[in-house]
Amino acid sequence: MKVKSKEVAEALGVSTATVSLAINGKPGVNEETRKRILEYISGQQGKDVTKGTFVKLIIFENSPRVLSGGMGSFFRITYVESVERLQKDRLEVRLVYAYGNEELKEALLKSNSDGTRGILLRADEFGKNDYELLSLCRIPIVMSDCDPRESDWNTVNFNNRQAVFKGMDYLKAHGCRRIVYFQNKETIYNFRARREAFWEYLCRDPEIEGSFWETGNEREEIEERAAKYMKSCEVLPDAVFLENFLVSVGTAQSLMKLGISVPDEISLLGIDAIPDTVLLPYKLTHFEVPHKKRSVLMAELLLELMGRGDEGYGRVVLVNEKMVVGNSVKM
């Protein structure tokens, strides 16, 4: 049931203009009133919730282009296991794309009354205003790849901090003291978390001299930017920490063209494996990101919440990333 602004205004003793401002997240209404309005709307819509037989997978994006071309399709297929797990319980899964704050709000509100039983929500681009919209939804939600510090909702995330800290410990144990972190231009949660962890490690360990270098998003750009960095160095760093598999591939290609030997002249350690289609003269030491495990855990947590019948907000599940030791770090 769609609740009209006039009905909300009359019920709460406010103007329709105030209701409109509150719903659209605009200034001009205090937070207490905004909260009252949103809670009232959610409550009224919640009266029409049916048990339903389907679950929604909502992909939230701030724009049609979220990730670089080589990564967009890769991240989308990592939810296949979620879908398969839910289908085992005879649940239909409907895919919904929400471009921006307004479309996300519409998708959440509609889910209260269209028979949706639960929602899986990819929230790697979430901002503070987006978290506020979650209070509109009256059914279980499990989010992925979002900052648990920003909400009290159920989230399943990779343990990015652990991976970075373990990687840095490994490099240090193998004599690396000057380490540069190669990052791309994306600002999604997982990458932000890795950068924060690298900086935290540097602040904690005065023995390590570290810095950041932005490489870009596409493989060709990464290759060019990596080469530019290496050519600018009077002395090469001991190691490069590679943010993701595209950064790893681009950097590897650049080093081969420059004739820089791995690991004799420089050590490499990354997050995410280099695809088998890329042939290198070494095996990258890296952390495998357990996309499949994360995907299954999301579905199982949602099934638990739907079966329990209560909100159960606030559970943060961290999936550890497994280290695979290759021969790209000097022994």
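A salt bridge, as I use the term today, is a side-chain nitrogen of Lys or Arg within 4 Å of a carboxyl oxygen of Asp or Glu. What we are looking at is a predicted model, in which local features need pLDDT of at least 70 and side-chain atom pairs count only at pLDDT 80 or more, while totals for chains, interfaces and linings use all residues. Residues are numbered from 1 along each chain as its sequence is written, and side-chain values use heavy atoms, with hydrogens and water left out.

Searching the whole structure gives 21 salt bridges, and I will go through some of them. Let me begin with aspartate 124 and arginine 122, whose closest N and O atoms lie 3.6 Å apart; both residues are buried, meaning under 20% relative accessible area, where exposed is over 50% and partly exposed is in between (1.4 Å probe, protein chains only).

Next, aspartate 114 pairs with lysine 56, the closest N and O atoms being 2.7 Å apart. This pair connects distant parts of the chain, 58 residues apart, with aspartate 114 in the loop between α6 (100-111) and β3 (116-122) and lysine 56 in strand β1 (residues 54-61); helices (H or I, at least four residues) and strands (E, at least two) are DSSP runs, numbered from the N terminus. Lysine 56 is buried at 7% relative accessible area, whereas aspartate 114, at 26%, is partly exposed.

Finally, arginine 177 forms a salt bridge with glutamate 207, with 3.7 Å between the closest N and O atoms. Arginine 177 is partly exposed at 30% relative accessibility, and glutamate 207 is partly exposed at 48%. Both belong to a salt-bridge network that links Lys172, Arg177, Asp205 and Glu207.
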